[in-house]
Amino acid sequence: MFPDRTFFNRLAEAAKAETLPRFRSGIDVTNKLASGFDPVTEGDRAAEAAIRALIETHFPEHGILGEEFGNVGLEREHVWVIDPIDGTRAFISGVPVWGTLIGLYRNGQAVMGMIEQPFTGERYFADESGSYYTGPEGERRLKVRDCAGLSDAILFTTSPHLFAGTEMERYREIEGQVRLFRYGTDCYAYALLAAGHIDLVIENSLKPYDVGGIIPVIEKAGGIITTWDGGRPENGGSIIAAGSRAVYDAAVAILRR
């Protein structure tokens, strides 16, 4: 037996039942870093536990890579990659752009994924047949926008403060060439790219659970997502996603300089 869209929906609903009631509720926040700030909430832990419980019941032979409770069976053919709340800083600030990311890897490559936006009621899902949107706008197949070049592009990143040194210089050069840039939407930026609303996302220091659920949604919508040096993005790192080849090539030429 292999998971399908219905099972992904069950996982998303289980996570939503834990996260949404805790949003804007004044829940306690724990800092995972001795120096700096890497927040985690009761919602993060409860949502991941709910997702894991369903996977362990229905697919006990699969591995799991999760943000909050560690990893099991990463050498197995199928591995689930879970980020229960991508955008915890947004979550604790009352900003409704956080989401739940659920991905499935086969032999190390992302083959199914979901970006779940509980507050907005939007769900972005991809499998081998394509990439799909379900939400207030109805249901439709996702398709990226065919943007002609950087001068016409809309660029998103979580925060420019995450870049430093030459990475900052290269990012700022791209930012100076695009038509519009915006900050702070975490995983929602990738959903907007897959839906054809924006054209480019550039980020760094990502973990596998930050991208595992996103990769199929972008690729099956016709987009491109790689590391800055053109490698596969499943292990995270410095990541670029683009809707069109022209925008991707122009941005990568600067990032690799």
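**View 1. The two domains of the predicted model, whose centres, taken over C-alpha atoms, are separated by 20 Å.** This is a predicted model. The domain assignment of the protein gives residues 5–141 as domain 1 and residues 150–256 as domain 2. Domain 1 contributes 34 residues to the contact, and domain 2 contributes 22 residues.

**View 2. The interface between domain 1 and domain 2, with a buried area of about 2100 Å².** Carbon and sulfur atoms give 64% of this area. On the side of domain 1, the residues that lose the most area to domain 2 are Val97, Ile115 and Tyr124, which together account for 23% of what that side buries. Six residue pairs are in polar contact between the domains, both residues at pLDDT 80 or more, while the count of salt bridges between them is zero.

**View 3. Strands of domain 1 at the side that touches domain 2.** At least two residues each are supplied by β3 (63–66), β5 (78–86), β6 (99–106), β7 (109–117), β8 (122–127) and β9 (130–135). Strand β7 gives the most to this side, with eight residues.

**View 4. An open sheet of five strands with mixed pairing.** The strand order is β12-β11-β13-β15-β14. Strands β12 (180–183) and β14 (224–227) form the edges, each pairing on one side only. On average, neighbouring strands of the sheet are turned by 15° against each other, direction ignored.

**View 5. The parallel pair β11 and β12.** Four bridges join β11 (residues 154–157) to β12. Phe156 has Arg182 of β12 as its bridge partner.

**View 6. Helix α8 (residues 245–255) across β13 (200–206), β14 and β15 (237–242).** Helix α8 runs at about 150° to β15.

Definitions and conventions
Residues are numbered from 1 along each chain as its sequence is written. This is a predicted model: local features need pLDDT of at least 70, side-chain atom pairs count only at pLDDT 80 or more; totals for chains, interfaces and linings use all residues. Side-chain values use heavy atoms; hydrogens and water are left out. Two strands pair if DSSP finds at least two bridges between them. Axes are lines fitted to C-alpha atoms, for helices over the stretch in contact, and angles run from 0 to 180 degrees between N-to-C directions. Contact means heavy atoms within 4.5 Å. Domain bounds come from an automatic or database domain assignment. Buried area is the accessible area (1.4 Å probe) that two parts lose on being put together, summed over both. A salt bridge is a side-chain nitrogen of Lys or Arg within 4 Å of a carboxyl oxygen of Asp or Glu. A polar contact is a pair of N or O atoms within 3.5 Å; within protein, one must be able to donate a hydrogen and the other to accept it, and residues adjacent in sequence count only if both atoms are side-chain atoms.
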